[in-house]
Amino acid sequence: MGEYILAALVEHKPGVLHKVSNMFRKRNFNIESITVGACEDGDVARMTITVQGDEAVVEQVVKQLQKLVDVIKVSRLEPSKSVVRELALVKVYTADSKAKSDVVNYATIFRGRIVDVSKDSMIIEVTGSPSKIDAFVELVKPYGIKEFARTGVVAMSRGLKSLKVEE
Amino acid sequence: MSGSQALIEALKREGVKVIFGIPGGAIMPVYDVLYDEKDIRHILMRHEQCAAHAADGYARALRGPGVCMATSGPGATNLVTGIANAYMDSSPVVAITGQVATHLIGKDAFQETDIIGITTPITKYNYQVRRVEDIPRIVKEAFYIASTGRPGPVVIDVPRDMQTGIADVDFNVKVSIRGYKPNVEPHPLQVKRAVDILVGSERPVILAGGGVHWSKAYGELLTLAELLMAPVATTFMGKGVIPENHPLALGCVGMHGRVEANKAIMASDAILAVGVRFSDRTTGKVDEFCHDAKIIHIDIDPSEIRKNVPVHLPIVADAKYALKAIIDELIRRGFKREKSDWIRRIEMLKKECEDSEPGGDLTAVNAIKLLRKVLPEKAIVTTEVGQNQMWASLHFRVLKPGTFISSGGLGTMGFGFPAALGAKVAVPDVPVVDIAGDGSFLMTEQDLATSVVEDIPVTVMVLNNSSLGMVAQWQRFFFGRRYSHTDLKGVPDFARLAEAFGARGVRVGSLNELEQVLREAVKSDVTVVIDVPIPKEEDVLPIVPPGRSLKDMIC
């Protein structure tokens, strides 16, 4: 079992996310995370899908994705040859001043940004690999996490190799 | 032009001659157009499930698209079993459903159902019309997707305001779907490698499936089998891709496969699998399926490769093109195998397993063998699901490719009769017989009304053991004869039921009587239901117990 990252270019129209997620459910594949956003030409969207499985499972996932009419192109991303990023917003309880300064310090170390401050809380925006976000969460957990949201990963292969719709 | 007019015009441009359907509130504007339509025959069914099955039977008889139509809500959901059935057996059914008006969608309006959501996992693709001017493109794409590549059902959901809306519609549309480009031609290098394996093998077997039917690769299959001197086993869906009286034909493999077919494939050293998906019913325990054989897998759907079994060599292509390429390569190499030890072994196996002539008691097996004797080669046979189907698979020899229609993947009881109606509409000049069981037939028998009113005469041979027979057999074999809810208690009287619909109903008491009635039935201009009482405990044999290897066949 391992974690695999797939990128898919799909038609950017209503119902496509449903068709993709439905296929995962029906074929008994496990999605760790799925993110969708429009591409530079508005009629294509890019999905980044993280799946758990072995080699045979991932081969099937790729083929089943390609089989969907609304999926234009699928590519497997090698984690070692890709940039993999996720963004998280973490609202931490910081009523006392020690907590405030600790959390600010951790945020600085993680190159996070403090995007909201109130009397008793802060929201820190952290970007990075999923493991970096996990590490940050572990550090601030003792202070009390009031709310937590992460985007799921987006990923892109390094170098000139690219996933594009052929004209 | 209204959306409804555009829809019917677009269907006509796709060559649609027949629609199986039932009107209802949310599809009435389309039916209003059909009222004056001369070029399309609309057949009013009595249940939407039958509309879908009839369209499926029509599609399989012609190996081209079949169309069904229903209203929104319950009309659409009644189609669902038929759509799922078409999906599992890769049949190009185009289902058109009415839908509530777009401003009502999502409001739980009267007879609203999310048919797009419901049918997504059981269709090749589905559409909801959102603009009247899209109708010609959607219809064109729907037929293209349904009938190319690996065929499959497509749903077009048409909200009521899209049916009544007026727009300038342009029918000069071209299909260009960037995410859908089936690969038809085989890769030349893979073909060479396949030929290397086949030429080097001593005990080759061809395993042919439903894909050969859809690709109409009958001629190529036969030529290749004879060149290679390779016996041809089929999956259940592939039954009848080769005339089953051909010396190289082995019949079906699998759970209720023929002994010679299961033995031959398990003894093979190379399998050329074409248009099959290695279902659990075909392979038995998959880890023990043909260890010693190198498997070449030809399929037009890349996702079938290595889905269920490991293969040595995949060829993603249309069966006809792939087989042709292999034949050409064999010819190029000047290869033609003479009768080998393998073939002599196959001949012996076949001799051991030869069916006897029908005679003696009125049993299901005798009735089916007798049916073959009575029917002309070109007759089409459909089946229901259960024992009747497996007896037909084992003992009804298909002589003309493509004349056997049955629900394989989904195993839908009630399929055979409406499918027979669809097949008869498609090919009116040949006799069509549904080999039925009493349990299955009662699931869709209300369409006897359709057969009578629409003048679609077929023969229904009900093998009546007053049981849900296959379940009862499993209870006998695997559940200590605990017949939990499988006794149908002799109800109804099928002959009288048929008569009530205006069809002919006969109960026979002997093989001789059955023969006489069958001879009349296939010439009858009204549907004939023949009630054939069979022994309650007649079993389908052989059987491979579920989850076991094909080697563990009980004969």
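Visitor: How far apart do the C-alpha centres of domain 1 of chain A and domain 2 of chain A lie?

Guide: They lie 29 Å apart. Bear in mind as we go that this is a predicted model. The bounds are 2-77 for domain 1 of chain A and 83-154 for domain 2 of chain A.

Visitor: What makes you say that domain 1 of chain A touches domain 2 of chain A?

Guide: Contact here is a matter of C-beta atoms within 7 Å. Six residues from domain 1 of chain A and five residues from domain 2 of chain A take part in the contact. On the domain 1 side, strand 2 (30-38) and strand 3 (44-53) of chain A each give two or more residues. Strand 2 of chain A has the largest share, with three residues. By class, that side of domain 1 of chain A holds two nonpolar, four polar and no charged residues.

Visitor: What is the secondary structure of chain A, taken as a whole?

Guide: Chain A has four helices and nine strands, and along the sequence they read β-α-β-β-α-β-β-α-β-β-α-β-β. The C-alpha trace of chain A spans about 55 × 35 × 30 Å along its principal axes.

Visitor: How many of the residues of chain A count as buried, and what makes them so?

Guide: The test is 20 or more other C-beta atoms within 10 Å of a residue's own. Of the 167 residues of chain A, 25% pass as buried.

Visitor: Over to chain B. Where are its domains?

Guide: Chain B is divided into domain 1 (3-164), domain 2 (188-352) and domain 3 (364-533). The C-alpha centres of domain 1 of chain B and domain 3 of chain B are separated by 28 Å.

Visitor: What makes domain 1 of chain B and domain 3 of chain B count as touching?

Guide: Contacts again: 25 residues of domain 1 of chain B meet 26 residues of domain 3 of chain B. On the domain 1 side, strand 1 (18-21), strand 2 (41-44), helix 3 and helix 4 (74-88) of chain B each give two or more residues. Helix 3 of chain B gives the most, with eleven residues. That side of domain 1 of chain B comes to 13 nonpolar, seven polar and five charged residues.

Visitor: What makes a set of residues a nonpolar core, and which ones touch the most other members of the largest core?

Guide: The members must be buried residues of nonpolar kinds, joined through C-beta atoms within 7 Å. The largest such core has 180 residues, and B:Ala51, B:Cys68 and B:Ile530 touch the most other members. Helix 3 (residues 48-62) of chain B gives the most to this core, with eight residues. Apart from it lies another core, of 20 residues, including A:Ile5, A:Val16, A:Met47 and A:Leu65.

Visitor: Which residues is B:Ile530 in contact with, leaving aside its neighbours within four places in sequence?

Guide: Among them are B:Thr459, B:Val462, B:Val508, B:Leu514 and B:Ala521.

Visitor: How do you know that strand 7 and strand 8 of chain B pair?

Guide: Pairing takes at least two bridges. Three bridges join strand 7 (residues 204-208) of chain B to strand 8 (residues 232-234) of chain B, so they pair, and they run parallel. For one residue, B:Leu207, the bridge partner in strand 8 of chain B is B:Ala233.

Visitor: Why are strand 9 and strand 12 of chain B said to stand at the edges?

Guide: The open sheet has six strands in the order 9-8-7-10-11-12 (chain B), with parallel pairing. Strand 9 (249-252) and strand 12 (313-316) of chain B each have a single partner strand, so one side of each is left without a neighbour in the sheet. From one strand to the next, the twist averages 15°.

How values were computed
Residues numbered from 1 in each chain as written. Chains lettered and ligands numbered in written order. Predicted model: local features only at pLDDT ≥ 70, side-chain atom pairs only at ≥ 80, totals over all residues. Buried ≥ 20, exposed ≤ 12 C-beta atoms within 10 Å, placed from the backbone. Contact = placed C-beta atoms within 7 Å. Domains from an automatic or database assignment. Nonpolar A, V, L, I, M, F, W, Y, C, P; charged D, E, K, R; others polar. Axes fitted to C-alpha atoms, helices over the stretch in contact; angles between N-to-C directions.
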